[in-house]
Amino acid sequence: MKVYECCGVESVTKKVYCSNCSKEITNEREVPDEGTVYSFTVIHIAPPEYAHLAPYTVALVQLNNSSAKLTVRMDEAVQIGDAVKLDEIVDGTYIYKKVS
Amino acid sequence: MSVYIHSVGMTKFGNSENNSLKDLMLAACREALDQANGLKIDAVYVGNFMGGSLANQEILGAIVANDLGLGYIPTAKLEGACASGGIAFRQGVLGILSGEYENVLVVGAEKMKHASTAEVTQVINSAMDQTTNEKYAGLTFPGFFGVTANRYFYETGASKAHLAMIALKNRENALNNPLAQFQKPTTIEEILNARIITDPLGLFDCSPITDGAAAVVLSSKPSDIKILASAQASGPTMMQDATDLLSLSAIRLSGRQAYEKAGIGPQDIDVVEIHDCFSMTEMIAIEELGFFPKLEGWLAIEQGKTRVNGEKPVNTSGGLLSRGHPIGATGIAQIYQLVHQLRGNAPNQLEKLPRLALAQNLGGTGAYSVVHILERV
């Protein structure tokens with residue numbers, strides 16, 4: 001997983017300029033795909049394109065060894081604090097599973 | 001120079017099956033103009049979010065100017081998701097402060113009830129960045145606040161019951177507001193047992209789909225209500241980019257700027273309308289605006305401090321949750337309620353006539369926030 005950094009702020013989103021120093025963001029590094037569940041929701045009412053998946057869990061994952069967080073879909077129920085890791089990336093979706 | 005509110009107008013919020021978006025706008029504008037003592041309008045700003053995508057109607061500003069016979073004056077529509085109304089109001093204020101206009105008509109409107117819930121959910125999702133892994137993960141707009149709520153519960157002693165107290169308070173306030181969408185009493189039990197939309201948020205934790213419009217006439221000519229401050233800020237457009245999930249930084253920033261401009265603090269505000277698109281949003285907003293310490297909003301809710309005639313009355317109109325949320329109209333509907341509170345003739349009128357009122361209007365999942373402070377003079 002790649003994270004982008006400037007002025008101490010890390011993000012999985014590649015932005016153009018740093019909102020702190022206004023310079024172009026050029027620092028990037030690889031961090032592990034693993035993390036812990038920071039929070040989550042189980043979505044019961046979904047827009048038409050996701051209705052066939054409902055109810056499904058979306059989690060905000062705090063990545064290990066990084067201050068960056070990542071929004072993922074879980075393929076199982078989770079609680080805050082659960083250790084999770086990347087299962088697969090499908091059509092731009094990070095699908096995560098619990099570390100067994 | 002200062003800007004003053006002269007008059008306001010608002011339609012009944014709810015299902016306006018037989019009225020077009022235009023009908024709603026014109027009705028709210030007429031009510032405001034009829035009480036504006038003949039002020040000649042120099043410009044029109046419209047707050048609207050989904051007129052193009054859901055009602056297939058744009059050029060809203062020019063339609064208002066034409067059909068009301070205001071002359072071929074400048075007009076514009078402002079879009080900032082659910083903050084469209086507040087942003088339009090602020091543009092009206094800035095237009096007068098710039099010296100370009102003397103009198104401005106601002107109207108917020110939305111027509112939503114004719115569409116299916118799935119269609120509306122899809123269009124509302126356009127208030128999130130649609131080209132990111134968050135969108136692909138299937139995160140919805142309510143889902144963002146579900147994630148926020150679960151973390152809030154984890155870090156505090158709060159539970160779903162506290163969210164239900166917010167929803168119940170706003171419903172009880174709406175019962176006394178003839179223009180509110182929901183006028184049926186409810187109970188904590190009914191709220192807690194309602195179907196889940198996005199865990200832990202149930203049906204009563206989410207604002208409804210609504211038709212409606214609200215309007216206001218602003219002027220540089222003095223009236224009994226002065227706009228003490230107008231402030232606006234942006235915030236993260238993605239959940240994963242929030243440095244603190246439990247802080248909607250745009251609310252905090254716009255609030256702080258408004259207090260600075262007004263030369264007052266949160267303790268001076270007598271009555272508040274804030275953007276409770278979800279019960280959880282009201283919880284965060286009362287903390288971000290400085291009314292209660294961070295992560296302690298739930299205690300204030302428990303103690304009834306935000307009820308009518310509590311220490312800090314919030315959403316005496318019923319809020320978005322029960323007054324209804326015709327998206328572009330909401331920011332102006334907040335002003336409508338506060339003007340009536342300051343004039344002493346509001347639904348749920350405070351026992352002690354308020355002097356300072358604050359309106360906070362949010363767009364996206366914290367992407368925009370607008371704060372206005374009004375003073376009775």
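Residues are numbered from 1 along each chain as its sequence is written, while chains are lettered from A and ligands numbered from 1 in the order in which they are written. Because the model is predicted, local features need pLDDT of at least 70 and side-chain atom pairs count only at pLDDT 80 or more, whereas totals for chains, interfaces and linings use all residues, and side-chain values use heavy atoms, with hydrogens and water left out.

**View 1. The contact between chain B and chain A.** The contact takes 31 residues from chain B and 30 residues from chain A, where contact means heavy atoms within 4.5 Å. The size of an interface is often given as the accessible area lost when the parts come together. Chain B and chain A bury about 2600 Å² between them, and carbon and sulfur atoms carry 56% of it; buried area is the accessible area (1.4 Å probe) that two parts lose on being put together, summed over both. On the side of chain B, the three residues B:Tyr136, B:Ala137 and B:Gln240 supply 20% of the area buried against chain A, more than any other three residues.

View 2. B:Asn150 is placed in helix α7 of chain B, which spans residues 141–155; helices (H or I, at least four residues) and strands (E, at least two) are DSSP runs, numbered from the N terminus. B:Asn150 counts as buried because its relative accessibility is 10%, given that buried means under 20% relative accessible area, exposed over 50%, and partly exposed in between (1.4 Å probe, protein chains only). Not counting residues up to four places away in sequence, B:Asn150 touches A:Ser39, A:Phe40, A:Thr41 and A:Ile80 of chain A, as well as B:Asp199 and B:Pro200 of chain B.

View 3. B:Tyr101 lies in the loop that runs between α4 (84–97) and β4 (103–110) of chain B. Is B:Tyr101 buried or exposed? B:Tyr101 counts as buried, because its relative accessibility is 15%. When neighbours within four places in sequence are left aside, B:Tyr101 is in contact with B:Asp42, B:Ala43, B:Tyr45, B:Pro74, B:Gly95 and B:Ile96. B:Arg171 is 70 residues from B:Tyr101 in sequence, and the two are 39 Å apart in space, C-alpha to C-alpha.

**View 4. The two domains of chain A.** Chain A is divided into domain 1 (1–30) and domain 2 (32–100), with domain bounds that come from an automatic or database domain assignment. The centres of domain 1 of chain A and domain 2 of chain A, taken over C-alpha atoms, are separated by 23 Å, and 7 residues of domain 1 of chain A are in contact with 11 residues of domain 2 of chain A. The area buried between these two domains of chain A is about 630 Å², of which carbon and sulfur atoms give 56%. Within domain 1 of chain A, the residues that lose the most area to domain 2 of chain A are A:Met1, A:Glu10 and A:Val12, together 76% of what that side buries.

**View 5. The largest pocket.** The largest pocket has a volume of about 770 Å³. On a 1 Å grid over the protein atoms alone, a pocket is an open set of points with protein on both sides within 12 Å along at least five of seven lines, a cavity is a set of points where a 1.4 Å probe fits but cannot get out, and lining residues have an atom within 4 Å of a point. Grid points are joined across faces, edges and corners, and a volume is the space filled by probe spheres set on the points. Of the 31 residues that line the largest pocket, B:Leu203, B:Cys206, B:Ser207, B:Pro208 and B:Ile209 are the closest to its centre. The largest share of this lining, 4 residues, comes from α5(B).

**View 6. The second largest pocket.** The second largest pocket has a volume of about 640 Å³. Among the 27 residues of its lining, A:Val9, A:Lys15, A:Ser19, B:Asp241 and B:Thr243 lie nearest its centre. The lining of the second largest pocket draws at least three residues from each of domain 1 (1–30) and domain 2 (32–100) of chain A.
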